[in-house]
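Okay, thanks for coming, everyone. Let me put the model up and then talk you through it.

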Amino acid sequence: MKLAAVAAVLLVASTASAGRGGAIAIPPAEVDVGAGSPIGAAAATGPSTEVLAGIHWASLYWHPTKVDVGFGYVGSFRPVLPGYAARTDAPDAIDNELRLNGGYLSLGYAIESHEHWRTWLDARIETLHASVNQQTFNALGAALRVSTEVFVAGAAGAGGHGGGALVAGTFALGVYVEAVHRDLPAELGPNGVSAGLSMRIPLILAAGG
């Protein structure tokens with residue numbers, strides 16, 4: 001199973017790269033997309049879209065690992081009450097959306113680990129820039145996550161006809177649930193829960209002549 005997955009990616013990557021006569025490099029990443037809901041009296045906000053994308057050790061390492069360290073981008077986007085915090089009546093300056101953009105650092109441990117599936121417990125800290133209807137401020141965040149994924153890990157390389165490819169790391173698909181706290185005004189929902197899908201991508205290098 002491992003060799004088949006790696007071989008398939010090598011074939012696609014090297015063929016595409018050779019066809020263009022160039023090179024591609026895809027970092028070992030984890031990408032998450034989910035939906036969140038505030039907890040408590042968050043009177044001015046609705047459900048959120050949650051996005052994370054970063055570089056992770058468990059995506060790069062080509063053997064099963066019980067430890068993961070990652071860093072990258074975190075974003076959260078949610079509607080707010082019409083005109084919330086607006087200091088202008090200009091229609092093009094009011095979009096009634098809270099945007100949180102920033103960076104994260106996470107540490108995870110596989111509390112259950114098997115040959116092709118595992119369950120993670122992750123802790124994450126965030127540094128965020130918030131904007132809503134032309135008002136901006138900074139915030140800190142923290143999250144605790146439980147996730148389960150199916151995965152295949154390996155490393156392989158291939159070359160020929162002036163090109164080659166290398167794949168090293170882990171492919172994975174999973175689901176997660178998490179609790180989040182962010183330093184937001186009470187009416188914007190500083191506490192929340194979210195759930196979504198996650199995907200791991202290994203390091204992929206390919207070049208064509």
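This is a predicted model: local features need pLDDT of at least 70, side-chain atom pairs count only at pLDDT 80 or more; totals for chains, interfaces and linings use all residues.

Residues are numbered from 1 along each chain as its sequence is written, and side-chain values use heavy atoms, with hydrogens and water left out.

So, confidence, meaning pLDDT, the predictor's per-residue score from 0 to 100. The protein chain averages 87, and 84% of the residues score at least 70. Helix H1 (residues 2–20) is where confidence is lowest, with a mean of 45, and E3 is where it's highest, at 98. Helices here are DSSP runs of at least four residues (H or I), strands (E) of at least two, numbered from the N terminus. Residues 1–19 have pLDDT below 50, and that stretch has 32 contacts in the model beyond near neighbours in sequence; a contact is heavy atoms within 4.5 Å.

Now the cavities. A cavity here is a set of points, on a 1 Å grid over the protein atoms alone, where a 1.4 Å probe fits but cannot get out; lining residues have an atom within 4 Å of a point. Points are joined across faces, edges and corners, and volume is the space filled by probe spheres set on them. That rule gives two cavities of 30 Å³ or more.

What classes does the lining of the largest cavity divide into? Four nonpolar, five polar and eight charged. For the classes, nonpolar is Ala, Val, Leu, Ile, Met, Phe, Trp, Tyr, Cys and Pro, charged is Asp, Glu, Lys and Arg, and the others, Gly among them, are polar.

The second largest cavity comes in at about 110 Å³. Of its 16 lining residues, Ser48, Glu50, Arg78, Arg182 and Gly192 are closest to the centre. Its lining has five nonpolar, eight polar and three charged residues, and E9 supplies the largest share, four residues.

Next, Asp68, which is in strand E4 (residues 67–79). Buried or exposed? Asp68 is buried, because its relative accessible area is 1%, and buried means under 20% (exposed is over 50%, partly exposed in between; 1.4 Å probe, protein chains only). Its side chain makes a polar contact with the side chain of His56 at 2.9 Å. A polar contact is a pair of N or O atoms within 3.5 Å; within protein, one must be able to donate a hydrogen and the other to accept it, and residues adjacent in sequence count only if both atoms are side-chain atoms. Asp68 also touches other residues, including Glu30, Trp120 and Arg200.

Last one: Ser59, in helix H2 (residues 57–60). Ser59 counts as buried because its relative accessibility is 0%. Its side chain reaches the backbone oxygen of Ala29 at 2.9 Å. Ser59 and Ala172 sit 113 residues apart in sequence, with 8.3 Å from C-alpha to C-alpha.

Terms used. On a 1 Å grid over the protein atoms alone, a cavity is a set of points where a 1.4 Å probe fits but cannot get out, and a pocket is an open set with protein on both sides within 12 Å along at least five of seven lines; lining residues have an atom within 4 Å of a point. Lists of a residue's contacts leave out its neighbours within four places in sequence.
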